[in-house]
Structure formats: structure tokens, C-alpha cells
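Thanks for coming. I will go through one protein model today, sheet by sheet, and then turn to the cores and the confidence values.

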Amino acid sequence: MPGTHSNKQTACQYSKEDCGTSTDRRVSLKTDLRSLQEGGEPEIHERVDLRAWTALGVGGLADLLIRCRSADGLRRALDILATYGLGWVVVGSGSRLVPSDYGLRVPVLNLSGNLGLWELDVAGAVAWSGANLAQVCRAATRSGLGGLSALTAASGTVGGAIHAAQRGHFPLGGVLEWTDVARPGSAVERVRQATIRGSERGLTLDLERRVILRARLRLPEDGPAQPRIRLDGAGVAAWQRQPRTAGPVFVSPGGFRAGAVLAESGCLGMSAGGARLSESAPNRICTSRSARAADVFELAQSARERVRERTGVELETALCFIDEHGRRVHP
């Protein structure tokens with residue numbers, strides 16, 4: 001999993017550095033990946049612009065993007081990466097990911113095709129990791145299922161939500177019943193509720209060297225049906241119509257509402273380069289076409305410092321900033 005680094009180290013990691021992998025080794029990796037293709041997958045793409053794969057439209061070029069459309073394709077890719085001793089970064093809708101402006105040297109996995117599907121039943125939904133969580137919730141609501149009101153405004157994929165819940169940034173503790181995870185050299189493992197312990201600080205779920213495949217979202221038996229969500233835009237918040245926006249930006253460990261603390265500290269509308277904290281939707285960030293990952297990082301850092309100075313509240317960053325090697329860095 002990404003490590004924790006100081007701000008001084010972060011400045012270095014958002015600058016150009018040697019990837020430490022020889023050209024011959026990269027060529028061998030790509031050759032081996034292509035040799036395992038079945039039915040056209042996994043797809044191998046080189047020099048991919050990450051701005052097209054992240055909600056905020058930032059980031060440099062990824063050396064290698066591996067697009068998997070099935071569980072078998074994903075497992076083949078993981079086994080090859082493990083053979084080379086490599087880690088990876090999983091990109092779904094990119095709603096929380098902020099990669100370095102200098103790109104990613106670590107391989108990038110994208111889950112699509114069958115890995116983006118879901119199925120409803122009378123008590124909830126079984127969704128693959130790449131499924132859009134908001135779409136799953138809206139489909140459940142239209143079918144008369146209740147209990148998902150806390151998730152209907154979610155952005156990102158099911159897999160991304162589980163990762164966020166593990167860090168205490170998303171309320172999945174009472175909804176997640178089980179999850180299937182894949183790791184190199186092993187059969188798919190199902191982790192059930194008995195071993196997934198929810199708490200106020202997140203889920204106790206070991207995702208080290210594992211990729212989430214699918215999960216079951218359970219609805220409470222007495223969960224009331226929620227009003228049908230309008231899809232024509234009239235009843236949707238302004239930030240949901242903006243193409244380059246993501247959130248939440250922060251979470252508060254002290255029980256404070258991060259959006260309210262940001263407003264109290266005068267952070268709404270705060271900007272850095274091409275990034276700006278929304279004035280109409282607290283705790284969301286918007287970016288222009290010229291925005292860079294460094295702008296988003298600087299804005300998050302400045303907002304945290306202002307909140308700390310004016311209120312004493314220490315906000316945590318919910319966005320996932322990563323350096324060129326896929327390690328997590330913190331503003």
C-alpha cells in the first residue's frame with residue numbers, strides 16, 4: 001500500500017526521477033503480458049495520458065496501462081507483474097486519484113467490461129469492482145430497494161469506495177457483506193462480513209497486494225425506499241453536472257463536518273493555479289483544463305493549513321495523491 005511521506009519528501013516525489021527499470025525489462029514485461037492474452041485481453045497500452053483517466057483531468061503519462069475486462073484477465077496480469085516483482089495502481093473512474101504530473105512508472109490496472117457490471121436482488125446488489133457506485137444506487141432506488149440513501153451521491157467505483165472505506169473516508173461499514181479479492185498466484189478469495197469489521201475509522205480489510213474484484217452490498221431489512229432520483233439534471237446538484245470535479249476532498253477525524261469547517265475557515269472558492277475549492281458545493285474541488293496535479297496538491301495543503309490555524313481542526317485528505325512509483329503522498 002502507498003506509504004506516508006513528509007511534505008519535504010513530497011516535493012521531491014512530484015518532480016522527475018529515474019524509474020529504475022531498464023528498457024529491456026519493460027520490453028520483456030510487455031512481451032510476456034501480450035503472450036498471455038486470450039480473447040484480446042488484457043489489453044496493453046503504452047504512454048497513456050492520465051488526464052483522460054482521472055476525474056480532475058490531471059497527471060502525466062503512464063508508461064503502461066493494462067486494461068482487464070474479466071477476472072481471468074486480471075489474474076493473468078497480476079501473475080506477470082508479480083513475476084517481475086512489480087506493484088501496480090488500480091484506476092477505475094479516477095474520482096479520487098491525483099497522479100503525479102510526471103506520470104506513473106508503475107503499471108496501471110484498469111477494470112472495465114464485465115468487471116464494471118452489477119446485479120440486483122431482493123436484498124441488495126452484487127457489483128464488480130469497476131461498477132459505478134452511484135449508478136448501482138440509482139438502479140436500486142428505481143427498483144424500490146432502500147437503505148442506500150447515504151451512497152446515492154457517491155462518485156467513483158465500488159472498488160474505489162471500499163478502498164476509501166478502509167481508510168475511514170466512506171460509510172460502507174454497515175453495507176458491505178463480503179468482497180472477492182484477487183492476488184498473484186492465488187485463487188480468488190472471498191472475505192466475509194465476519195472478518196470485515198466496520199468502525200468509525202473504516203473497515204478492517206487487508207488489501208495489501210490484493211485487487212478488489214466484486215462485492216455484495218447488503219440493504220437493511222427495514223431500509224425505507226428512497227425517492228426516485230431525477231436523471232434530467234433538474235434535481236441534481238451543480239457539482240454533479242461539472243465534468244472536472246471530485247470530492248470529498250477532506251474528511252475530519254473529530255466528527256466535524258469537513259465542508260462546514262472549510263466554510264467557517266473561509267476556504268470556499270480558494271484556488272491554486274487551475275484548481276479551486278467549490279463555493280456552491282463545500283468539500284469538492286474543480287479544475288480547469290490547464291490544471292496540474294501540483295495545483296491540486298498545493299490547494300489541499302493550503303486549505304488544511306488554514307483550517308488548522310483558524311479552527312484547530314486537523315483535516316485528513318480524502319483524495320489519493322500518488323508519486324511516480326504509485327506511493328501515496330500527503331499534503
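**Sheets, cores and confidence**

Start with an open sheet of 4 strands, in the order 1-2-5-3, whose pairing is mixed. Strand 1 (43-49) and strand 3 (89-91) are at its edges, each with a single partner strand, so one side of each has no neighbour in the sheet. Averaged over this sheet and ignoring direction, neighbouring strands are turned by 35 degrees against each other. That angle is taken between axes, which are lines fitted to C-alpha atoms, for helices over the stretch in contact; angles run from 0 to 180 degrees between N-to-C directions.

Before I go on, the ground rules. This is a predicted model, where local features need pLDDT of at least 70 and side-chain atom pairs count only at pLDDT 80 or more, while totals for chains, interfaces and linings use all residues. Residues are numbered from 1 along each chain as its sequence is written, and side-chain values use heavy atoms, with hydrogens and water left out. Helices (H or I, at least four residues) and strands (E, at least two) are DSSP runs numbered from the N terminus, and two strands pair if DSSP finds at least two bridges between them. By that count the protein has 8 helices and 20 strands.

Back to the sheet. Strand 1 and strand 2 (residues 61-68) are antiparallel and pair over 6 bridges. One of the bridge pairs is Asp 49 with Leu 61 in strand 2.

Lys 30 is worth a look here. This lysine lies in helix 2 (residues 23-35). Is Lys 30 buried or exposed? Buried means under 20% relative accessible area, exposed over 50%, and partly exposed in between, with a 1.4 Å probe and protein chains only. Lys 30 has 15% relative accessibility, so it counts as buried. Contact means heavy atoms within 4.5 Å; leaving aside neighbours within four places in sequence, Lys 30 is in contact with Glu 46 and Leu 64. Lys 30 and Leu 64 are 34 residues apart along the chain, and their C-alpha atoms are separated by 8.4 Å.

Next, helix 3 (residues 71-83). Its 13 residues reach 18 Å from first C-alpha to last, close to the 18 Å expected at 1.5 Å a residue; the expected span is 1.5 Å times one less than the number of residues. Buried residues of helix 3 include Leu 74, Ala 77, Leu 78 and Leu 81. An α-helix has 3.6 residues a turn, so residues three or four places apart point the same way. Arg 76 is also on the buried list. After helix 3 comes Gly 85, with a positive phi near 70 degrees.

A further open sheet has 3 strands in the order 4-19-20, again with mixed pairing. Strand 4 (97-99) and strand 20 (328-329) are the edges, each with a single partner strand, so one side of each is left without a neighbour in the sheet. Strand 4 pairs with strand 19 (residues 320-322) in the parallel sense over 3 bridges, and Leu 97 stands opposite Cys 320 in strand 19.

Now strand 7 (residues 124-128), where 4 of the 5 residues are buried. A hairpin through 2 residues joins strand 6 to strand 7. Strand 6 (residues 118-121) and strand 7 run antiparallel, joined by 4 bridges, and Asp 121 stands opposite Gly 124. Strand 7 also runs antiparallel to strand 12 (residues 211-218), over 5 bridges; there Trp 128 has Arg 214 as bridge partner.

On to the cores. A nonpolar core is a set of buried Ala, Val, Leu, Ile, Met, Phe, Trp, Tyr and Cys residues joined through side-chain atoms within 4.5 Å. The largest has 29 residues, of which Ile 285, Val 296 and Leu 319 touch the most other members. Helix 7 (258-264), strand 16 (275-277) and helix 8 (293-311) are the elements giving two or more residues to this core, and helix 8 supplies the largest share, 7 residues. Apart from this core lies another of 22 residues, among them Val 136, Val 158, Phe 170 and Ile 212.

Last, confidence. pLDDT is the predictor's confidence in each residue, from 0 to 100. The protein's mean is 80, and 78% of its residues reach 70 or more. Over residues 1-21 the pLDDT is below 50, and over residues 221-241 it stays under 50. Where pLDDT is low, the predicted coordinates should not be read in detail.
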